[in-house]
Amino acid sequence: MSKDNCTCTIREKLAGDGCRWCNPELARDMAETRVAELEQLLREVMEYAHEHSTGPEAPDKLWDIRTMIADEL
């Protein structure tokens, strides 16, 4: 969606609950919240993979997943 396609009403624009073009601060806050949620989910997946892996002595696919996530976080 582009700024030209915005269909927010005047009330939405003035109230600050419009789309990302009308309310970029809200869009940024929502994106930051989603990033934090996804980082937490990755930590949980990494922890699960770590607990159920045979690695690092005998690496397996779960250890590979754990390592990929650890490298990014």
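The questions below go from the overall fold to single residues.

Trainee: Glad to start. In what order do the elements of the chain run from the N terminus on?

Mentor: Keep in mind that this is a predicted model. The chain holds 3 helices and 0 strands. Read from the N terminus on, its elements are therefore α-α-α.

Trainee: Which percentage of the 73 residues is buried?

Mentor: A residue counts as buried when its relative accessible area is under 20%. The accessible surface of the chain is about 5800 Å², with 56% of it belonging to carbon and sulfur atoms. The buried share of the 73 residues is 14%.

Trainee: Is A31 buried, partly exposed or exposed?

Mentor: You will find A31 in helix 2. Buried requires under 20% and exposed over 50%. A31 has 40% relative accessibility, so the class is partly exposed.

Trainee: How far apart in space are A31 and L62, C-alpha to C-alpha?

Mentor: In sequence, A31 and L62 are 31 residues apart. In space, their C-alpha separation is 29 Å.

Trainee: Is the peptide bond from G55 to P56 cis or trans?

Mentor: P56 sits in the loop between helix 2 (24-52) and helix 3 (61-72). Most peptide bonds are trans. Here omega is near 5°, and the bond from G55 to P56 is cis.

How values were computed: Residues are numbered from 1 along each chain as its sequence is written. This is a predicted model: local features need pLDDT of at least 70, side-chain atom pairs count only at pLDDT 80 or more; totals for chains, interfaces and linings use all residues. Side-chain values use heavy atoms; hydrogens and water are left out. Helices (H or I, at least four residues) and strands (E, at least two) are DSSP runs, numbered from the N terminus. Buried means under 20% relative accessible area, exposed over 50%, partly exposed in between (1.4 Å probe, protein chains only). Accessible areas come from the Shrake-Rupley method with a 1.4 Å probe; for residues, only the protein chains shown count as cover.
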